[in-house]
Amino acid sequence: APPSALSRGDVSMASSENPSRVVQERVCTVLGLKDEDAILGILIKKIVTNLQHRYTLEAVLKRTLAYFYELAAGVNIVHSVDKMSPHLIISGKLLLKNDTVIVEGFRRTLTSAPPSLVRHLMANHASSTLGFLHAGPKYGRYRTQYYATLGKLLFMECRDGSTSTTALETFNTFMMPQYQVLEQLWQAANTGDGSALRSEQLRLPLIGLCRDLRGICQACVSHDMYTILFNWLVDNPKQPQNCKITVFSAALNFYWDDPEVTTPLLKFVAEFVYNKAQRINFDQNSPNGILLFREASKILVAYSQRMLQREQSQPVYKDIYREKYKGIGCVLELFSNALHGNYTNFGVFEL
């Protein structure tokens, strides 16, 4: 074993003052690293390697994403040796500042690579090298956690932007893969009677989009963050029927009997109308609250009517929980979140 950087007496004295520093120095000595930033770099490389090559091991993928989220969301109060100047450490910012270079395999398959591995991952978050994103619905729920983590890092960057324009550009650049899918779905929904939405070529992208947006929406913990996402989806509030968010109600009309589509779609909308931490706070003269509630109501009514019709005509289910009760639970959560959101008056029921 390599020699310790601290003698036993030094370790005892230092551990009583700053245990975390002792651990960092010991790890650096054993692994031959220069500082804690290098330790973080090894962890980042391991996370990316697991997401690229070990996603078929579901237990590994699950723990990797959970650890990645903890790194992005962690907040610690650290006391210096003199115990007089505690300071706040946000681990997500350390991830963004980490200058670990891109692993070789990642560089070959992706383009426009920045020097930082984390920033490179954020710039290429939908890459084909991340196999679990393209392995079908089996790994779908992990997409939500993956984008909830990246969403936290994204909004940290947006907050650190010098102007609101910079923050908006950062968000739009990050969301480009999702925007391309949304635009494709929008074109299909507005072609003829919209039945083009019900195609195998659009089914998996729709499922993935709902899971991605739910994760990003979970990362919206303040009014400013939520407003950016809201304006991205409700992009034409003066003509609500032309907003991109109407894609989801249109898709539900054609996929209402497919639980692999309806479950992530309803969960996303339930999260989108959820006013946690008072993040949904529109101006008094803004119609956005009514638009949001009306779109949620359209989805709720459409799904409920379809399920009632099926109950009357074909009450037999292969898997009654998956095909019936799970969807009902999601739609009730959506309804509850919309009613408790406090962003619209109950009088709009008649609109």
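**A working chat on exposure, contacts and salt bridges**

Q: Is A277 buried or exposed?
A: A277 counts as exposed, because its relative accessibility is 64%. Keep in mind that this is a predicted model.

Q: Where is A277 found?
A: In the loop between α14 (259-272) and α15 (288-313).

Q: What about the phi of A277?
A: Phi of A277 is positive, about 55°, although A277 is not a glycine.

Q: And what is phi of N342 near?
A: Phi of N342 is near 60°, again a positive value in a residue other than glycine. N342 is found in the segment after α16, and with a relative accessible area of 68% N342 is exposed.

Q: Let's back up. How many helices and strands does the protein have?
A: There are 16 helices and two strands.

Q: What share of the residues counts as buried?
A: 43% of the 351 residues. The accessible surface comes to about 18600 Å², and carbon and sulfur atoms hold 54% of that surface.

Q: What share of the contacts is between residues 24 or more positions apart?
A: Counting contacts with a separation of 6 or more, residues 24 or more positions apart account for 62%.

Q: Salt bridges next. How many does the structure hold?
A: The structure holds 15 salt bridges. One of them is formed by the side chains of R141 and E58, at 2.5 Å from N to O. R141 lies in helix α8 and E58 in helix α4 (residues 58-73), so this pair ties together parts that are 83 residues apart in sequence.

Q: Why pair those side chains at all?
A: Side chains of opposite charge can pair when their charged atoms come close.

Q: Fine. How accessible is E58?
A: E58 has a relative accessible area of 27%, so E58 is partly exposed.

Q: Which residues are linked in a network of salt bridges?
A: E200, R203, D258, E260 and R322.

Q: Tell me about R203. Which helix, and is R203 buried or exposed?
A: R203 lies in helix α11. R203 counts as buried, because its relative accessibility is 13%.

Q: Which residues is R203 in contact with, leaving aside neighbours within four places in sequence?
A: Y255, D258, E260 and V261. The side chains of R203 and D258 are joined by a polar contact of 2.7 Å.

Q: Switching to H125. Where does H125 lie, and is H125 buried or exposed?
A: H125 lies in the loop between α7 (117-123) and α8 (140-160). H125 is buried, at a relative accessible area of 1%.

Q: What does the side chain of H125 join in a polar contact?
A: The side chain of Y147, at 2.9 Å. Beyond four places in sequence, the residues that H125 touches also include L130, L133, F174 and P177.

Q: F174 is in α9, then. Which residues of α9 are buried?
A: In α9 (residues 164-174), A167, F171 and F174 are the buried residues. Seen down the axis of α9, the buried residues fall within an arc of 65°, so they line one face of the helix.

Q: What covers the buried residues of α9?
A: The cover includes α7, α8, α10 (176-189), α11 (200-218) and α12 (223-233).

Q: Last one, the surface. Which residues form a nonpolar patch?
A: I320, Y321 and Y325, with about 330 Å² of accessible area together. I320 lies in helix α16 (residues 320-340) and counts as partly exposed, at 38% relative accessibility.

Conventions: Residues numbered from 1 in each chain as written. Predicted model: local features only at pLDDT ≥ 70, side-chain atom pairs only at ≥ 80, totals over all residues. Heavy atoms only, no water. Patch = residues over 30% accessible without salt bridge, like charges linked within 9 Å, V, L, I, M, F, W, Y side chains within 5 Å. Areas by Shrake-Rupley, 256 points an atom, 1.4 Å probe, with all protein chains shown as cover. Salt bridge = Lys/Arg side-chain N within 4 Å of Asp/Glu carboxyl O. Helix = DSSP H or I, 4+ residues; strand = E, 2+ residues; numbered from the N terminus. Buried < 20%, exposed > 50% of the residue type's maximum accessible area, 1.4 Å probe, protein only. Polar contact = N/O pair within 3.5 Å; in protein donor to acceptor, adjacent residues only side chain to side chain. Contact = heavy atoms within 4.5 Å. Arc of directions from axis to C-beta.
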